[in-house]
Amino acid sequence: MENLETVGPNGLIKKHELVRIIIQCLYSLGYSKSAACLESESRIKCKSPEFESLESQILNADWDDSIRSLDKINGLTDETRASAICLVLEQCLLECLNCGDISLALDILQKQFSALKISTCMVHKLSYELLSLKGLQLGCTDYDAVHELRKRLVSELEKVLPPPIILPERRLEHLVEMAISAQIDGCIYHSSTDTISLYRDHHCDRDQFPTETIQILTNHQNEVWFVQFSNNGEYLASSSSDCTAIIWKVQDDNRVNLRHILRSHKNPVSFVAWSPDDTMLLTCGNLEVLKLWDVETGTCKHTFGNDGFTVSSCAWFPDSKCIVCGSSDPKKGIYMWDCEGNEIKAWKGMRMPKVLDLAVTPDGENLISIFSDKDIRILNLSTSTERVVSEEHSITSLSVSGDNKSLIVNLNSQEIHLWDITEKNMKPRKYKGHKQQKYVIRSCFGGLNSMFIASGSEDSKVYIWNLRNSNPIEILSGHMMTVNCVSWNPVRHQMLASASDDNTIRIWGPSRKME
C-alpha cells in the first residue's frame, strides 16, 4: 500500500515516485552520501529492483540470466525487449571473440539473434564484425577494459528501457523546468530578464510593461511614416513626409534626444534601415533614391540609383557590407549592392513582379519579399531554393523576428499573420483587433525573446499582442491620427516607439504610478 500513498495539496503526486526522483537528483548533483542516506531511511532505491538485478548480472557476465531477466520484465514492447536483448548479446558475442571462443560466438549469432527476429541486414553486419574480429586475433583485452565495456552496456540499457524500470535522466530538474516554463507561458506580460526563483510563483506586473507615454517628439513637420530602434537599442531613427529623417539618441532614462536631422531627399522619406553594426543608416525616398548615412556624423556617404529608380524597401546583410533593396517598378526588381554602390547581384526581368517590401533574416540565410500584393517569397540564399506563401488579402508590410524563425505581415483585412519561415504546409497564427483598410500599417516583434507583437492602427492607437493570444492584451491611446509604424527597443524591453500622421513620435514606457 505504501506505493499508493500520495502527497501534495491536491494529492496528485505519488510519494514513492517523488522520493525516488529526489534520490536520483541528489546523485546527479553529487550528493551521494545524502542520496544513500535517503535510500536507507525511505527504503526506496533510485534503481528499480529489476534493473539492479540486471546490472549485477551484466557486470558478472551472467548473460543467460541477463536475458531471462529482460524476458521477465513486464510492460515492455516487443521492440524494446528485442533491442535490449540485442545489446546484451552483442556484448556477449564480443567477449566470446575476445576469449577466442569462435564456435560459441557463431552459435550465439545463429540461434540467439535469429530468435529475436532481427533484420537480415543486421545479422550480416554482425557476421562481418565477427569475421573481422577473428582476423584481429583478439584475446589480449584486459579485465578493466572488459569491465568498462560492460558498464557502457548498462548505460546503453538505461537509454532503452522505459520508466519505471529506469528513471529518465535528471527527471526532477526536467519537471521543475517544465513548471517554470508553464508559468512563463502563462505570464502575459513576461518581460523579466532576472533568473526566476523557485521560492515563489512567477508573475510580471503590467506596471513594468510599456503602456504609458513618457515622451512626445514633435521635431518632424509632417506625417511620420516610419520609426526603428537600432540593433543595440542606443538610437532611434524616424522618417517623415517632410522629406527628412532624424537620428535620436536614447538616454539612460529611456527618453531620447535629437542627434542628427538628415536633409538630402527631395521627396518624403518612407523607410529606414540600420546596419547590423549600427554605424550606418539607409533611407528610402518615396519614388526616389536610396541614401546611406554615417550615424556618428550625420553625413550622407552614398546615393544608390537615380531619380528614375523607385525604391520600396531596403535591408542589410549581417556583415554590414552589403545591402538589398526592392522596387515597386517590376522592371527594376531587387538589387544587391556593396556600400560603395557596386552591384553584386540583381533579380529582375519580365517575369519579376513588383516588390512591396523585403527583409533579410538576421543570420543572412533568407531573403524574404512581398510580391504582387499577396505573395510572400522566401528565398534561401545558400541553396537558392525558394517557396511562396500566398495570402488571400493584400499585404502592406513585413517584419522578421530576431531569432530568424518567424515573420509577420500586416493585411488590409485587419489581421496580422505570423508565418514560420522554415516550416512548410502550415497555417499562420492570426492576430486581430486593430484597424487597417486603407493605409500602410507596420508591425514589429518585441519584448523579451520577441514574445510580443506591436502594431499601428488607423484608429490612432497602438495595439500589443502576446504571441499566444489572438486578441490584444493592450491598446495604447494618445495619438490623434493614424499610427503608421511601431518599433520595440531590442535591448530595453520596456521601451516602445510609435510614429503617426499627427506629426509626432511617442515613446512608451512602464506606468509611473509606482514611483
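## Close-up views of a predicted model

**Figure 1. Ring pairs join Y189, F209, F452 and W488 into a cluster.** The model shown here and in the other views is predicted. Across the whole structure, a search finds ten aromatic pairs. In the pair formed by Y189 and F209, the ring centres are 5.1 Å apart and the planes stand at 70 degrees; planes over 60 degrees apart count as edge-to-face, so this pair is edge-to-face. Both residues belong to the loop between α9 (171-185) and β3 (212-217), and the pair ties together parts that are 20 residues apart in sequence. Y189 has a relative accessibility of 11% and counts as buried. F209 is also buried, with a relative accessible area of 1%.

**Figure 2. The rings of Y431 and W465 form an edge-to-face pair.** Their centres lie 6.4 Å apart, and the angle between their planes is 65 degrees. Y431 is in strand β23 (residues 429-432) and W465 is in strand β26 (residues 462-466). Y431 and W465 are both buried.

**Figure 3. K249 lies over the face of the Y235 ring.** The distance from K249 to the ring centre of Y235 is 5.4 Å.

**Figure 4. The largest pocket holds about 1000 Å³ of space.** Its lining is made up of 43 residues, and Q228, N231, P362, S399 and V400 are the closest to the pocket centre. Seven strands are listed as giving two or more residues to this lining: β4 (224-229), β8 (269-274), β12 (311-316), β16 (355-360), β20 (395-400), β24 (443-446) and β28 (483-488). By class, 25 of the lining residues are nonpolar, 15 are polar and three are charged.

**Figure 5. The second largest pocket has a volume of about 670 Å³.** It is lined by 23 residues. Those nearest the centre of this pocket are H16, E17, L18, I21 and L167. Two or more lining residues come from each of β2 (13-14), α1 (15-28), α3 (49-59) and α9. Of these elements, α1 gives the most, with five residues. The lining of the second largest pocket divides into 13 nonpolar, three polar and seven charged residues.

**Figure 6. Strand β8 pairs with strand β9 (residues 280-285) in the antiparallel sense.** Five bridges join the two strands. Among the bridge partners are A273 and, in β9, L282. β8 and β9 form a hairpin with five residues between them. In the turn, D278 has a positive phi of about 65 degrees. Six of the six residues of β8 are buried, so this strand is largely enclosed by the rest of the structure. β8 is also one of the elements that give two or more residues to the lining of the largest pocket.

**Figure 7. Y335 lies in strand β14 (residues 334-338).** The relative accessibility of Y335 is 9%; buried means under 20%, so Y335 counts as buried. Y335 and C314 are 21 residues apart in sequence. In space, the distance between Y335 and C314 is 9.5 Å, taken from C-alpha to C-alpha.

Technical notes
Residues are numbered from 1 along each chain as its sequence is written. This is a predicted model: local features need pLDDT of at least 70, side-chain atom pairs count only at pLDDT 80 or more; totals for chains, interfaces and linings use all residues. Side-chain values use heavy atoms; hydrogens and water are left out. Rings of Phe, Tyr and Trp (its six-membered ring) pair if their centres lie within 6.5 Å; planes under 30 degrees apart count as stacked, over 60 as edge-to-face and the rest as tilted. Helices (H or I, at least four residues) and strands (E, at least two) are DSSP runs, numbered from the N terminus. Buried means under 20% relative accessible area, exposed over 50%, partly exposed in between (1.4 Å probe, protein chains only). A charge sits over a ring if NZ of Lys or CZ of Arg is within 6 Å of the ring centre and within 35 degrees of the ring normal. On a 1 Å grid over the protein atoms alone, a cavity is a set of points where a 1.4 Å probe fits but cannot get out, and a pocket is an open set with protein on both sides within 12 Å along at least five of seven lines; lining residues have an atom within 4 Å of a point. Grid points are joined across faces, edges and corners, and a volume is the space filled by probe spheres set on the points. Ala, Val, Leu, Ile, Met, Phe, Trp, Tyr, Cys and Pro count as nonpolar, Asp, Glu, Lys and Arg as charged, and the others, Gly among them, as polar. Two strands pair if DSSP finds at least two bridges between them.
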